[in-house]
Amino acid sequence: MAPRLLSLADRALVVELGDGISRPMLARVSALDAVLRAELERGGLEGVVETVPSYRSVAIVYDPLRTTRAALERRIAPLLRVPDDAAPAPASRTWKLPVLYGGAAGPDLAAVAAASGLSVAEVVARHARATYAVYVLGFLPGFAYMGDVAPELRLPRRSEPRTRVAAGSVAVAGAQTAIYPSESPGGWHLIGRCPVPLFEPRRSRPALLAPADRVRFEPVSQERFRDVEAALASGRLDPEELAAP
Amino acid sequence: MTDRARLEILSPGVLATVQDLGRRGARRFGVPTSGALEPAWLRIANALAGEREDGPAVEFFLAEIALRAVDGEVRLGIAGDVAAQVERAGEREALGSWRSATLRRGDVLRVGPPRPARVGYVAIRGLVVEEVLGSASTCVRGAFGGMEGRPLRRGDVLEARPGPHGAERALPEPPRRSAEPIRAVPGPQDDHFAPGALERLFGSAYAVTATSDRMGTRLDGPPLAHLGAASAEIVSDAIVPGAIQVPGNGLPIVLLADCQTIGGYPKIATVASADLPRLAVLAPGAKVRFARASVEEAEALAREREAEVRALLGAIRPI
């Protein structure tokens with residue numbers, strides 16, 4: 001299926017690869033984004049400010065004082081023809097993130113269990129059993145939308161969002177799961193807490209998670225949570241060490 | 001830092017933040033561009049202050065802002081629909097907008113309230129603000145940038161490198177205000193709307209509501225019908241300032257500098273970058289009309305607008 005090219009006025013050219021949320025689509029988006037970023041870094045995309053990948057498209061943000069949609073279309077045409085398997089492999093990583101489930105750390109865990117007809121222990125096991133793919137970053141700096149949550153754990157968002165969700169809250173809504181990188185309003189169901197900082201603007205890689213990364217959650221005790229939290233805070237543990245080599 | 005001039009915020013008004021021309025290259029991390037809602041006025045304020053155009057300045061909304069020089073001499077630049085006055089040793093000197101001002105220790109500058117435009121700028125020559133992710137703009141959602149990632153508060157102190165400051169400067173006359181409708185390019189999801197919706201958007205007057213902020217301007221007026229219930233949402237994709245999102249109730253929201261980086265509402269049209277600042281500075285109650293444009297026309301408007309701004313910057317004179 002040929003990509004559709006759409007405009008956000010004179011600000012961005014959107015390359016839309018299809019519709020829906022799926023791992024094959026994520027792979028195609030990631031491949032295209034990698035090709036465009038490589039070209040951008042080489043200096044081959046004059047006037048382009050940045051590329052923004054999402055579930056089924058890559059938006060090419062440009063400066064209308066330095067280029068035009070027409071010039072960009074000509075420039076990217078050969079790049080759109082690069083087959084996915086010839087694209088530079090995105091350096092995606094696999095993470096193992098500790099989570100303290102339930103109690104004060106996960107105030108909605110019991111409600112999720114009740115709604116899905118499972119025990120709390122079963123909900124934790126099924127949430128932690130999956131290997132999630134990071135689909136897209138958005139909503140907040142460093143907020144990674146991950147999927148796919150097991151069908152039996154899928155609930156619509158809370159009918160009443162919270163005005164304050166604690167930073168580090170592990171949450172689910174629909175087929176997605178995420179960790180709130182900072183305190184924020186939020187309508188997802190909070191089932192646990194993760195001590196790992198997901199966004200630090202002064203780091204060379206400000207967001208820890210990137211699209212196409214894989215994430216597994218590891219249930220930990222309160223004691224282990226505190227140990228990891230302390231190790232991260234003191235610098236003894238670098239968050240990057242939680243990625244598999 | 002004993003050789004820094006210092007400026008204390010006596011009153012920040014309704015909302016005041018440190019902004020520059022925005023943070024680029026970080027939208028992929030979920031970081032908004034932020035930056036001035038009216039970049040041309042920030043650039044003019046900076047140039048009036050003798051500062052580089054793209055440097056950080058204070059953007060303030062709706063009410064008067066008051067600043068006091070605590071230490072050293074501070075050169076400021078004022079832009080927006082504002083009156084200004086300097087209080088010095090019990091005396092008041094009235095100044096207009098679109099000019100510089102110099103504060104000596106103890107002097108107080110009061111600027112505003114901005115009217116009719118809801119936004120004004122005070123630039124400070126030599127303002128020292130840490131750059132985070134390449135910009136001094138305030139990212140409130142991420143709590144970083146500008147003044148500790150938050151709006152300015154009473155008692156905050158801004159630091160500036162000291163003078164000498166040279167002659168005061170001014171624009172010979174205020175910038176001419178365009179009366180043109182706001183140009184917008186249909187799409188990317190104009191195909192999610194019922195027949196007649198685009199014509200309604202381009203043929204109606206909308207009013208800015210009071211819930212408008214730096215993330216978006218919410219409009220009230222003739223609702224825009226989606227093609228069907230399923231068309232009222234999309235798989236979230238990239239949004240940019242200027243995108244006109246339409247949720248289920250049919251009322252358009254024009255996204256602004258602090259908007260999120262992805263969104264799940266269909267976008268019926270996107271405001272041309274040249275015209276977005278004109279819409280962004282409209283106060284609650286103001287009316288908006290849109291006019292249809294093509295991408296090529298929007299790109300040409302951007303170049304025209306930049307030429308106008310360059311001409312304004314070139315018109316700044318010593319007084």
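**View 1. A:Thr51 lies in strand 3 of chain A.** Strands are DSSP runs of E, at least two residues long, and helices are runs of H or I of at least four, numbered from the N terminus. This is a predicted model, in which local features need pLDDT of at least 70 and side-chain atom pairs count only at pLDDT 80 or more, while totals for chains, interfaces and linings use all residues. Residues are numbered from 1 along each chain as its sequence is written, chains are lettered from A in the order in which they are written, and side-chain values use heavy atoms, without hydrogens and water. A:Thr51 is buried, with a relative accessible area of 2% (buried: under 20%, 1.4 Å probe, protein chains only).

**View 2. The side chain of A:Thr51 makes polar contacts with A:Asp33 and B:Arg28.** The distance is 2.8 Å to the side chain of A:Asp33 and 2.7 Å to that of B:Arg28 (polar contact: N or O atoms within 3.5 Å, one able to donate a hydrogen and the other to accept it; residues adjacent in sequence count only if both atoms are side-chain atoms). B:Arg28 and A:Asp33 also meet in a salt bridge of 3.1 Å, N to O (side-chain nitrogen of Lys or Arg within 4 Å of a carboxyl oxygen of Asp or Glu).

**View 3. Chain A and chain B meet through 43 residues of each chain.** Contact means heavy atoms within 4.5 Å. Across this interface the rule finds 3 salt bridges and 13 residue pairs in polar contact, both at pLDDT 80 or more. Strand 3 of chain A supplies the largest share of the side that touches chain B, 5 residues.

Methods:
Buried means under 20% relative accessible area, exposed over 50%, partly exposed in between (1.4 Å probe, protein chains only).
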